[in-house]
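Here is a quick walk through a two-chain model, from the contact between the chains to a handful of individual residues. Have the coordinates open as you read.

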Amino acid sequence: MALSKLNFNSLNLTPVAGKGIGFDSGADDLEASFSSGSMTFIKKLTASSDGTLSFVNGASDVVLDSTYKEYLFTFNNMHPATDSVNFYVNFSIDGGSNYNVTKTTTWFYAYHDEADSTTSLEYNAGLDLAQGTGNQPIMENIGNDNDQSGSGFMSLYNPSSTTFVKHFTAITQDIIHANYTENAFIAGYCNTTSAINAVQFVMESGNIDAGTITLYGIN
Amino acid sequence: MAISKFNYNSFNVTPVAGNTLSFNSDADGFTTKGASAMVLIKTVTASSSSTVTFVNGTSDVVLDSTYPIYRFVFTNCHPSANGPYFQVNFRDGSTAYDATKTSTFFAARHSEDDSAAALAYNASNDLAQGTGDQFIDGFGINNDNDSSISGELFLFNPSSTTFVKHFIVNTSGHFPASHNFTAGYCNTTTAIDGVEFSFQSGNIDAGTIKLYGIADS
């Protein structure tokens, strides 16, 4: 005998596209108003003396395609093996074979030291790119004392578009080697109409000693 | 007669662990969806409150290693006094909100009469190994009925006993319009288990502050 299963129209409620099914506010009926998964966890990578951390669409459960219009990377306590190094991002259009997409970017930051001797809010032309293919810094001069690290997040918009360049924005906060706090704002675009299908993070030199990078899809 | 109940495999969809049952994009079938990675933990509604606090393990608040990142969202926090700064502090091992902090503060502002607009660092609002409250707005909030401050604060890995605790804040104030950027770290390797919001003087007359956990699994 064929197994009979409930279909979408078997329930006593009006179906609503994309909505989850839950109980109503009185807990005495069903309703289709539940929005499940507007921010969806995709993948977490935990560094342990790694040269690079890479997210490649289709590899190791990573989704980085048209499934989501926005992808969010969070960085938690990125700790370098080497003292006073930048933390970089780069992008790939060939599944991670090459991380060398052309980028034009901006970088500005505020910083302040523990001794209260220096404060600044400034643009840093040494950390931006103008049609560069190299790595883009998203944290600067992270210290490698045991308690030093950098955290923050980066959004990548519509990476699968074959019409538009690919915008990204990042806000990071780190403690630099000389005991400064530094709040950096990075933005720009990958100047390509090819789909971005892999993203890689790396320290300027030495390994990523510790830290986690988590990828989310945003509906 | 025994009631017949539906089970996980009663629906015409392939079950996926940890997902919920949803209608598909055409509303003509079932699909499964992952739960949101951003989980509401607690909403506190101010009502002439001198402080609003979130303490791990108290009043259903979770502020520990359960989540690697916590997000506070403040909406329409309205002061009882006229012109106090909105501020935050953290507790690190005692009941006092006095974690040592080093921070940056800068803001953009623009007046309604278009007479002033600026973007500048404000050294009066940052901290250098200070234990006092951290201002998270730059110009004070007036107490006109329609005036308030809103924004968000991200706290990274507060339960770590290895690293300092980074935080990033951005807020939008009123009168003048202001966009305020605060960031820094609690310079401690003791876990942060409580966060407190207040105005520099007077009460938080009204407003809501929500705490979310951002899951990484």
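**Where the chains meet**

Keep in mind that this is a predicted model. Let's start with the head count: 58 residues of chain A are in contact with 55 residues of chain B. Bringing the two chains together buries about 4,300 Å², with carbon and sulfur atoms giving 66% of that area. On the chain A side, the residues that lose the most area to chain B are Leu6(A), Phe8(A) and Glu114(A), and together they make up 14% of what that side buries.

How many salt bridges are there between chain A and chain B? The count is 1. Its partners are Lys44(A) and Asp216(B), whose side chains meet at 3.1 Å, N to O. Sorted by class, the chain A side that touches chain B has 23 nonpolar, 27 polar and 8 charged residues. Polar contacts between chain A and chain B come to 18 residue pairs, counting those with both residues at pLDDT 80 or more.

**Strands and their partners**

In chain B, 4 strands make an open, antiparallel sheet in the order S4-S13-S6-S9. S4 (52-55) and S9 (134-135) of chain B are the edge strands; each has a single partner strand, so one side of each is left without a neighbour in the sheet. For S4(B), the pairing with S13 (residues 194-199) of chain B is antiparallel and runs over 4 bridges.

Strand S10 (residues 136-142) of chain A is mostly covered, with 7 of its 7 residues buried.

Is Asn142(B) buried or exposed? It is buried, because its relative accessible area is 8%, which falls under the 20% cut-off. This residue sits in the loop between S9 and S10 (149-156) of chain B. Leaving out neighbours within four places in sequence, Asn142(B) is in contact with Pro79(B), Asn82(B), Gly83(B), Ser147(B) and Phe175(B).

| Side chain | Partner | Distance |
|---|---|---|
| Asn142(B) | side chain of Ser147(B) | 2.9 Å |

Ser48(A) belongs to strand S3 (residues 39-50) of chain A. With 53% relative accessibility, Ser48(A) counts as exposed, because the cut-off for that is over 50%. Not counting residues up to four places away in sequence, Ser48(A) touches Ile208(A) and Asp209(A). Between the C-alpha atoms of Ser48(A) and Tyr111(A), which are 63 residues apart along the chain, the separation is 28 Å.

Last up is Asp92(B), in the loop between S6 (86-91) and S7 (101-110) of chain B. Setting aside neighbours within four places in sequence, Asp92(B) is in contact with Asp98(B), Ala99(B), Thr188(B), Thr190(B), Ala191(B) and Ile192(B). The C-alpha atom of Asp92(B) is separated by 27 Å from that of Gly140(B), and these two residues are 48 residues apart along the chain.

Methods:
Residues numbered from 1 in each chain as written. Chains lettered and ligands numbered in written order. Predicted model: local features only at pLDDT ≥ 70, side-chain atom pairs only at ≥ 80, totals over all residues. Heavy atoms only, no water. Contact = heavy atoms within 4.5 Å. Buried area = accessible area lost by both parts, 1.4 Å probe. Salt bridge = Lys/Arg side-chain N within 4 Å of Asp/Glu carboxyl O. Polar contact = N/O pair within 3.5 Å; in protein donor to acceptor, adjacent residues only side chain to side chain. Nonpolar A, V, L, I, M, F, W, Y, C, P; charged D, E, K, R; others polar. Pairing = 2+ DSSP bridges. Helix = DSSP H or I, 4+ residues; strand = E, 2+ residues; numbered from the N terminus. Buried < 20%, exposed > 50% of the residue type's maximum accessible area, 1.4 Å probe, protein only.
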